[in-house]
Amino acid sequence: MDNTAAAQRPEAGDHASPASGPWPITLDDVTVRYPNGVVAMKNVSLEIAAGEMVAVVGLSGSGKSTMIRTINGLVKPSSGTVTVGPHDITRLKGAALRHARGDIGMIFQSFNLADRTSVYRNAMVGRFSHTPTWRTLLGIHTAQDRDIVMRALDSVGMLEKVWGRAGALSGGQKQRVAIARALAQQPAVMLADEPVASLDPPTAHSVMADLADINADRGLTVLVNLHLMDLARQYTTRMIGLRAGEVVYDGPAGSATDADFEQIYGRPVQSRDRLGEQ
Amino acid sequence: MTTADAVAGRRPDLAIPPRPRTWPRVAGIAAALAAFTILTTIPAIGGVELDFASIARNWTNGADRIVQMLTPDWSILPRTWQPLLETLEMALVGAAISAVLAVPLSLWAARPTNPNGVTRRAVRFVLNVVRAVPDLVYATVLVAMVGVGTLPGIITLVLFDIGIVVKLVSEAIDSADAHYMEAGRAAGGTQTQINRATALPQSWPAIASQVLYSLELNVRISAILGLVGAGGIGRLIDEMRGFYRYDALGTIVLEILVVVIAIEIASNLLRKRLR
């Protein structure tokens, strides 16, 4: 699949097959300047190999969320190029961009579930780019879509809650449903924006283990934003440190030292920076 | 502060920033509003004339009618059943039709569910026009167009309800946290898909609540619409008023009150279940 082919797909329903991943992610000299003048990313260049599991760490406001939103086109860069597999995200618009997003799963800090509807319908959101709009309007799902959603929920241990209301779930359960929603996309890349920031330490470890399993078992490229370096060291192979929109560290996660922490966070490591010691 | 300080209730000197002084601004706005209100009641500069003395001079005329209304004539009751049922039917059908039409219109009129500024403003403009026309004007024109009966009343109620429901629901959507929609966008969904699968379920309580409120209003309004021939109990009210039968009017007003209270109780029960 190339960009031209992706741009020519006229109907969402044509996008029925899973992405042929895993895919690499490339950021080439990317700068993001918001309309209020804040520069969230400054000339960031990165290459993430297909199948890699990478953590992005840094303080609030360091540009982590902007970077992840730039990768799936939710934020347009002011300059530079973002490429995910065959998609040049920065050049895509309209239906072609929606199809590219369909190949990129995303998990959010606040889960972003529609609380008033069922777990099933929330997970079915992951099938949007594979489903014609009229089907969604009428609420008619194909047997294949139902099967994909049920398997995604089963893989994160949430199948028994499939008909329950999303709003009735605990934080950890909500994040699992959000992971299932992203898996239902059958993506080539999985992005996670602070997926454990709203969770207690045991649940945070459990969700991180789920992401590590997705990387190991399904071979997806996983990029996860984290506040805590400990989680990055434990669950990822590579760590990227962002400070004020610039990459200040890029290396193996396991060998990152307290000095590297100081370089990323601008202060010495403290006990509150370790999960479970807050 | 050390633990010993905390136990002893001692606090070190704190560098508390000065509290912003907002009262002069609030007092200025209140004074301006009060001055404007007073100015609107001075006829010499184009304000309305408020002749409170006329209340003292003529209160006995109104008091006689109120006394008559407070002594209801129950013998009128059998004549009221049919028009009252007609009023209820108009209210219910009007609310139901407006509910169906208000769902897509509300989504088109709210920013999170319709990021397209052109179509959003077009929908809002049309609804502003619909809301600006008084319901009695709709009823009068529609009676002339389709004839005397319940149909012009129902169409009037639909137009009235849409104006209210769409405005209140779209404002509720505008002010609500819509993070859940970002997940649909990130998954490659179209705005229609996102609205149908996530925004609509999240908006049901607001839609249901406003439709139930419009049902309550419909009973009151449909009583008035009868005055211009748009069906319902209003026609009987007009007849009784023409014959100065304020005792019969008292009975009809009590009936409407009972119906409105019954609808309000049923609405509150439904709202609780929808939470």
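## Contacts and overall form of chain B

In chain B, 72% of the contacts with a separation of 6 or more are between residues 24 or more positions apart; two residues are in contact if their C-beta atoms, placed from the backbone, lie within 7 Å. This is a predicted model, in which local features need pLDDT of at least 70, side-chain atom pairs count only at pLDDT 80 or more, and totals for chains, interfaces and linings use all residues. Residues are numbered from 1 along each chain as its sequence is written, while chains are lettered from A and ligands numbered from 1 in the order in which they are written.

Chain B has eleven helices and zero strands. Helices (H or I, at least four residues) and strands (E, at least two) are DSSP runs, numbered from the N terminus. The radius of gyration of chain B is 26 Å, well over the 19 Å that the globule rule gives for 275 residues, so chain B is more spread out than a compact globule. That radius is taken over C-alpha atoms, and the globule rule is 2.2 Å times the number of residues to the power 0.38. The C-alpha trace of chain B spans about 85 × 55 × 45 Å along its principal axes.

Chain B has a mean pLDDT of 87, with 95% of its residues at 70 or more; pLDDT is the predictor's confidence in each residue, from 0 to 100. Within chain B, confidence is lowest in helix α1 (residues 3-8), at a mean of 58, and highest in helix α5 (residues 117-132), at 94. The model has an ipTM of 0.85 and a pTM of 0.78.

## The side of chain B that touches chain A

The contact between the chains takes 25 residues from chain A and 19 residues from chain B. On the chain B side, α8 (180-186) and α9 (191-225) each supply at least two residues. Helix α9(B) gives the most, with eight residues.

By class, this side of chain B has seven nonpolar, nine polar and three charged residues. Ala, Val, Leu, Ile, Met, Phe, Trp, Tyr, Cys and Pro count as nonpolar, Asp, Glu, Lys and Arg as charged, and the others, Gly among them, as polar.

Of the 275 residues of chain B, 34% count as buried. A residue is buried if 20 or more other C-beta atoms lie within 10 Å of its own, exposed if 12 or fewer, and partly exposed in between, with C-beta atoms placed from the backbone.

In helix α10 (residues 234-242) of chain B, the buried residues are B:G234, B:R235, B:L236, B:I237 and B:M240. The buried residues of α10(B) pack against α4 (77-109), α9 and α11 (246-274) of chain B.

## Positive phi and a hairpin

Most residues other than glycine have a negative phi. B:Y244, not a glycine, has a positive phi of about 55 degrees and sits in the loop between α10 and α11 of chain B. B:Y244 counts as exposed, with 11 C-beta neighbours inside 10 Å. A:Q186, also not a glycine, has a positive phi of about 55 degrees; A:Q186 lies in the loop between α7 (171-183) and β7 (189-192) of chain A. With 22 C-beta neighbours inside 10 Å, A:Q186 counts as buried.

In chain A, strands β1 (residues 25-33) and β2 (residues 39-48) pair in the antiparallel sense over six bridges; two strands pair if DSSP finds at least two bridges between them. A:T26 stands opposite A:E47 in β2(A). The hairpin of β1(A) and β2(A) has five residues between the strands, and A:G37 takes a positive phi near 95 degrees there.
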